[in-house]
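Colleague: I have a new model open. Can you walk me through its packing?

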Amino acid sequence: MVEDKLIATCYHCGDECDTEPLRVADKSFCCNGCMNVYQLLHQNELEDYYCLNQAPGQKIKSVPLEKFAFLEEVTVIQKLLLFRNEQQAQVSFYLPQMYCSSCLWLLEHLSELDKNIIGSQVNFNTKTLKVTFQIEHLSLRALAELLARIGYEPVIDIYEDKAEKDKYNSKRAYLKLGITGFCFANIMLIAFPEYLGLDPETQPGLALFFKIANVLLALPVVFYGAREFFVNAWYSYRQRYLNIDAPIALAVAVTFGRSLYEVWSNTGAGYFDSMSGIVFFMLLGRTLQNRSYTTLRFNRDYKSYFPVAVSRIEDGKKVLIKLEEIETNNVLMIHHQEVIPTDCLLSKGNAKIDYSFVTGEDKAEWIDKGAVIYAGGRNVGAAIEVLTVKSFSQNSFTQLWNSSVFQKQVDDKESRITLISKYFSLAVLLIAMGTFIAWQFIAPAIAWKAATAVLIVACPCSLLLTSSFTNGYLLERLARVGCYLKNARVLEQMTRIQHIAFDKTGTLTAANASGLKIDKMILEAEELDAVLYALSQSLHPLSRAIVQHYQYQEHNYRTVTIKEIPGAGIEAWAEDKHYKIGNALFARGTAEVNSNDTRVYVTVDGVLKAQYSFEVALIPGAAVLIKKLSAEYELSLLSGDNDASRQYLEGVFGKTSKLSYNMKPAEKLYYIKQVQESGKQVMMVGDGLNDAGALQQSDVGVAVVKSAFAFSPACDVIMEAEKLRFLPQFIAWAKGGKRLITAGFIYSLLFNIIGLGFAVTGNLSPLVAAILMPSSSLGIILIAYLGVRHMARLNA
């Protein structure tokens with residue numbers, strides 16, 4: 001008696017070991033590549049990769065030695081890198097092999113494989129990996145080879161344009177739909193005589209020809225049209241759960257297999273018409289769904305621009321332009337604290353750039369004239385002139401804004417969407433199996449039809465799409481009216497807000513030149529020019545009011561070193577003189593006592609030489625805004641200014657609101673944290689200049705901006721200052737969106753319950769089920785679109 005020899009499976013990739021397996025301890029491997037990856041992970045204590053999923057790795061293919069040699073060319077490196085300075089660089093790779101949680105875990109722990117990798121961030125939806133690494137010690141080629149060595153060979157095409165790629169993918173989807181539709185129509189045409197009750201046995205030769213034609217027409221439907229369903233189902237099976245494509249793939253496979261059996265055994269014509277109809281209508285629904293989603297994404301990434309502007313130099317004059325108007329070879333003036341909107345070359349001035357927006361490290365660096373300055377850097381020195389080398393990319397900047405560096409802590413509990421996608425398909429398979437067994441005892445002829453209809457009609461697609469499309473349309477609508485949200489999660493956070501804290505100057509109040517008084521002025525002409533130049537670099541409302549009062553225009557670039565201290569003022573050095581411009585404590589060293597107005601002091605080498613006072617008034621609509629919000633939320637005011645306006649603002653806010661003055665940025669942050677510790681969700685509304693810490697700490701940070709591109713990356717919402725009065729409506733939209741999502745869920749559940757009822761009782765054919773299933777997804781898109789439009793009209 002010969003014992004059956006057990007076939008070993010690879011511990012890394014899960015494939016069968018055809019020959020004698022390679023072994024490390026008690027683990028088997030199909031090839032040297034898989035064994036080498038395991039040993040590499042084992043040496044770096046990364047074996048948790050194998051704990052998340054069974055055999056999660058990719059089968060390692062040998063990579064030619066010179067495959068990535070082109071990544072050593074300077075022009076290629078420059079095109080691929082997202083960012084580079086003396087210490088580090090960033091690059092984004094497309095990794096199609098990414099398919100499970102183990103992949104995500106390993107790719108986000110690359111720094112443990114090579115100490116020169118600073119960090120890595122995965123975007124699973126787009127299958128992209130952004131890596132930050134020390135390029136002086138690890139070349140781009142070596143990084144690509146490391147990824148290939150562990151089974152994630154990057155797909156790199158330096159000539160590929162993203163728009164062209166999207167267009168190609170769209171054409172490919174339409175081609176697949178067209179071929180499947182052609183086959184489906186011809187199969188239906190061939191089956192038409194049978195629908196009319198004509199007996200095929202009267203022409204046996206012709207009947208055989210039609211059966212063979214149906215089989216041939218069904219092949220491209222199954223192996224080309226339905227391929228994505230089988231691939232997605234297989235990947236989900238490897239992750240040990242069933243996704244929404246699994247029942248569809250099973251229905252297609254069962255229907256195709258049974259049809260082949262009937263043709264082969266000459267017991268019938270099969271169900272090729274139903275099978276091809278299933279695939280065609282599934283693809284039609286998915287294509288329309290993807291089309292709608294792509295339109296939403298395009299509108300957000302390329303049409304709904306940030307509501308801010310930048311200064312362009314035209315014929316020696318400064319002109320404010322919108323970000324989307326930035327083109328290659330434009331000359332831009334970037335002021336102190338403004339963000340670099342696109343990659344450019346430094347053409348004039350000494351640049352001190354803070355790349356914390358890009359890298360997360362709060363460290364500024366000096367840039368030489370002619371050097372590249374990357375998008376996302378913040379100018380923390382005096383004004384500079386730059387020459388753009390790219391047009392503005394809203395998509396790239398949105399990705400920067402959503403960087404993991406600035407992500408806030410969120411509840412990591414499984415959402416209802418995750419739970420539905422995890423267990424829905426398993427439940428459908430069990431119902432289909434039960435239906436098949438039950439009908440075998442009642443009417444066996446109906447069993448296959450009923451079970452197949454269950455597999456097709458019950459789908460969580462509409463359940464999963466409800467949130468995506470409602471939030472997508474809502475984000476687009478908000479962006480159109482000057483309120484740009486970081487992502488859909490912010491909408492959900494907005495519905496939970498209980499406490500709203502406001503900054504005062506630049507947010508609720510505005511300082512202008514008409515309300516400015518000069519209380520003291522002994523500055524010499526050159527000193528005044530230096531002061532105005534320093535103030536012209538600041539984005540603070542009081543600085544801008546003083547500059548506007550003098551109608552100052554900088555004509556040349558002065559040798560001035562500037563340092564702005566948030567919540568205090570500006571420190572400047574020019575021609576061996578030390579200037580301090582700001583509040584009394586900062587400029588004079590002593591705090592104000594019983595001041596009845598807002599003041600700005602100017603000292604030169606410690607001597608008070610100028611003093612300005614302001615009549616600060618609420619911006620239009622602010623009083624009505626506070627009244628509306630106070631009826632529903634707790635309100636507070638956090639101001640770095642003196643309390644001259646306390647009595648007036650207490651009348652606006654009411655006695656139940658807390659008004660705090662003379663607050664430093666750190667104190668604002670601490671106040672927000674205290675409110676959160678009391679169990680309340682907090683929204684912070686500020687100008688983004690002195691409120692970065694509070695914006696980051698809050699549950700929803702709203703940066704109110706005017707003309708300058710200087711919001712904090714820590715904020716969740718960017719809003720035009722003129723649109724602040726509509727904040728109650730925007731919050732109402734978010735709450736309405738939540739109600740729409742709930743309505744969509746109810747619609748989807750009812751649709752599935754009713755559809756399953758008809759399918760289980762045998763009253764629904766597979767073909768009709770295939771038509772109904774995508775119609776539920778289209779219904780969700782319609783509910784989301786019309787619902788958001790209606791809601792926007794009601795709250796306009």
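Modeller: Start with burial: a residue is buried when its relative accessible area is under 20%. This is a predicted model. Cys-344 is buried, with a relative accessible area of 1%. Cys-183 also counts as buried, at 4%.

Colleague: How many disulfides does the structure hold?

Modeller: A disulfide is a covalent bond between the sulfur atoms of two cysteines. This structure holds zero.

Colleague: Which residues touch the most other members of the largest nonpolar core?

Modeller: In soluble globular proteins, nonpolar side chains tend to be buried together. Here the largest nonpolar core has 48 residues, and Val-91, Leu-106, Phe-133 and Leu-140 touch the most other members. Among the elements supplying at least two residues each are helix H1 (32-43), strand S4 (89-94) and helix H5 (140-149). H5 gives the largest share, six residues. Domain 1 (2-45) and domain 2 (69-158) each contribute at least three residues.

Colleague: What does Phe-133 touch, leaving out residues up to four places away in sequence?

Modeller: Its contacts include Leu-81, Val-91, Ile-117, Leu-140 and Leu-143. There is also a second, separate core of 47 residues, which includes Leu-475, Leu-508, Tyr-633 and Ala-721.

Colleague: Which residues are buried in helix H20 (residues 622-630)?

Modeller: An α-helix has 3.6 residues a turn, so residues three or four places apart point the same way. In H20, Ala-622, Leu-625, Ile-626 and Leu-629 are buried. They cover an arc of only 95 degrees around the axis, so they lie on the same side of H20.

Colleague: What do the buried residues of H20 pack against?

Modeller: Their partners include strand S17 (499-503), strand S26 (634-638) and helix H24 (727-760).

Definitions and conventions. Residues numbered from 1 in each chain as written. Predicted model: local features only at pLDDT ≥ 70, side-chain atom pairs only at ≥ 80, totals over all residues. Heavy atoms only, no water. Core = buried A, V, L, I, M, F, W, Y, C linked by side-chain atoms within 4.5 Å. Buried < 20%, exposed > 50% of the residue type's maximum accessible area, 1.4 Å probe, protein only. Helix = DSSP H or I, 4+ residues; strand = E, 2+ residues; numbered from the N terminus. Domains from an automatic or database assignment. Contact = heavy atoms within 4.5 Å. Arc of directions from axis to C-beta. Disulfide = S-S within 2.5 Å.
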